[in-house]
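I keep these entries as a record of what I looked up, in the order in which I looked. The sequence and the model come before the notes.

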Amino acid sequence: MLRWGLRVVSCGLSVPGSAACAGPWRRQRSVLKMAEDLRAAVSSQTKRLNSSSEVIQRLEENGHQNKRLKGNADEEDAEDQNKKSPKRKIVLLMAYSGKGYHGMQRNVGSSQFKTIEDDLVSALVQSGCIPENHGEDMKKMSFQRCARTDKGVSAAGQIVSLKVRLRDDILEKINNHLPSHIRILGLKRVTGGFNSKNKCDARTYSYMLPTFAFAHKDHVVQEELYRLDTETLERVNKLLACYKGTHNFHNFTSQKGPRDPSAKRYIMEMYCGEPFVRENTEFAVIKVKGQSFMMHQIRKMIGLVIAIVKGYAAESIMERSWGEEKVDVPKAPGLGLVLEKVHFEKYNRRFGNDGLHEPLEWTEEEEKIAIFKEQYIYPTIINTEREEKSMANWLNTLPIHDFNSSAVEMQTSNKNSKKSSDPEGSDGCGDDSD
């Protein structure tokens, strides 16, 4: 200001446009213009930066939105794909430890007793193999089990048939939603009308028991020290072989009368294998193969042989038990009973080599089956026997049975025969245990 004032004074009264003052005014205007240009440039740059930030922000928002839209679209596409995926009839090879479960068959609408099928259906829904409403109504997926194992009974070769949406890595997806003591070990495509219960020709069960069960009643034995001798094993196998063929097993179940035709069952083989030691106790495994079995039939067949070998009953009771008279047949404990294998020989002959379907044989899965039994089934049987002593406690009940009774309860038997409705599973597609 001082400098500018001095210049004005020195110019006297001359106007800004005069020659004397032209230089300073011109320089002032130049400076002012430069300042204005600078302000305009800064303002323009600021606007551009703000505009760029807004663009970037909009792009980011659009990107996130596009991702959300894409994610939703992918989910919808997956759902649509599931809905469009055709359902195929398959069979699943199952293995499970039955301890803690009230059998295989699901009781829809009842959560009081947990079953194997409760966990299976839940896994099928969660893995996307079946829609949720099929889990609520199992007929919609044409579900059928081959054997309705009952409370506590395990399986190494259970077969179920059903319609599912075939997915990549389907076994892994199902098993990811199952507890470790229930496994799906194999899967095969079958014909559209296949029914695992009706197409089954035969079933093989095993029964694992401590060998002290065969010790004679007059001999005092220590359970862990007892070892089955060759002579006793031969006698056991001789008695078990008597079951081979067709017999009337009405005394080996509570569902049939002596004149009910369905009480006749065909047994193909039955034998006891060599004993082995686990956890300091000797065990043996009895195997039986038959067309079908009734409720408790296998356990009563084994229970009667034990009663004979121990000296509580005469061998002649076996022939009597197949007659019309009512015979008191003891029922061995359910622990130890395992569904080993189901057979589809007629189906395999007709469809196994038709070029479209595989035979229902599981040779490639045998190693996995053996590993599962060693990890889950055998330890459960052995540890439960040691803790609960189910066989030892049952052996103490044998003296109360009346093996010499020859009373014929024809009237009661006839009533039972007439009332017998042969419910699902009672023909051996089902339970052989309590």
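In which hand, left or right, does H6 pass H7? I find a right-handed crossing of H6 past H7, where a crossing is left-handed if the near helix is turned anticlockwise from the far one by less than a right angle, and right-handed if clockwise.

Before going on I note the conventions. This is a predicted model, in which local features need pLDDT of at least 70 and side-chain atom pairs count only at pLDDT 80 or more, while totals for chains, interfaces and linings use all residues. Residues are numbered from 1 along each chain as its sequence is written, and side-chain values use heavy atoms, with hydrogens and water left out.

**Helix pair.** I looked up the geometry of helix H6 (residues 230-241) and helix H7 (residues 297-309), whose axes come within 10 Å and cross at roughly 135°. That angle makes H6 oblique to H7, since angles under 35 degrees count as roughly parallel, over 145 as roughly antiparallel, 65 to 115 as roughly perpendicular and the rest as oblique. Axes here are lines fitted to C-alpha atoms, for helices over the stretch in contact, with angles running from 0 to 180 degrees between N-to-C directions. On the H6 side the contact (heavy atoms within 4.5 Å) involves Thr232, Arg235, Val236, Leu239 and Leu240, and on the H7 side Val305, Ile308 and Val309. Helices (H or I, at least four residues) and strands (E, at least two) are DSSP runs, numbered from the N terminus.

**Helix H3.** I then turned to H3 (residues 116-126), which is largely enclosed by the rest of the structure because 8 of its 11 residues are buried; buried means under 20% relative accessible area, exposed over 50%, and partly exposed in between (1.4 Å probe, protein chains only). Among the buried residues of H3 I list Glu117, Asp118 and Asp119, and the elements they and the other buried residues pack against include strand E1 (87-96) and strand E3 (154-165). Glycine 128, which follows H3, has a positive phi near 80°.

**Positive phi outside glycine.** Aspartate 169 has phi near 50°, lies in the loop between E3 and H5, and counts as exposed at 53% relative accessibility. Lysine 389 also has a positive phi, near 50°, and sits between helix H10 (366-388) and helix H11 (390-395), partly exposed at 39%.

**Confidence.** The chain averages a pLDDT (the predictor's confidence in each residue, from 0 to 100) of 82, and 74% of the residues score at least 70.
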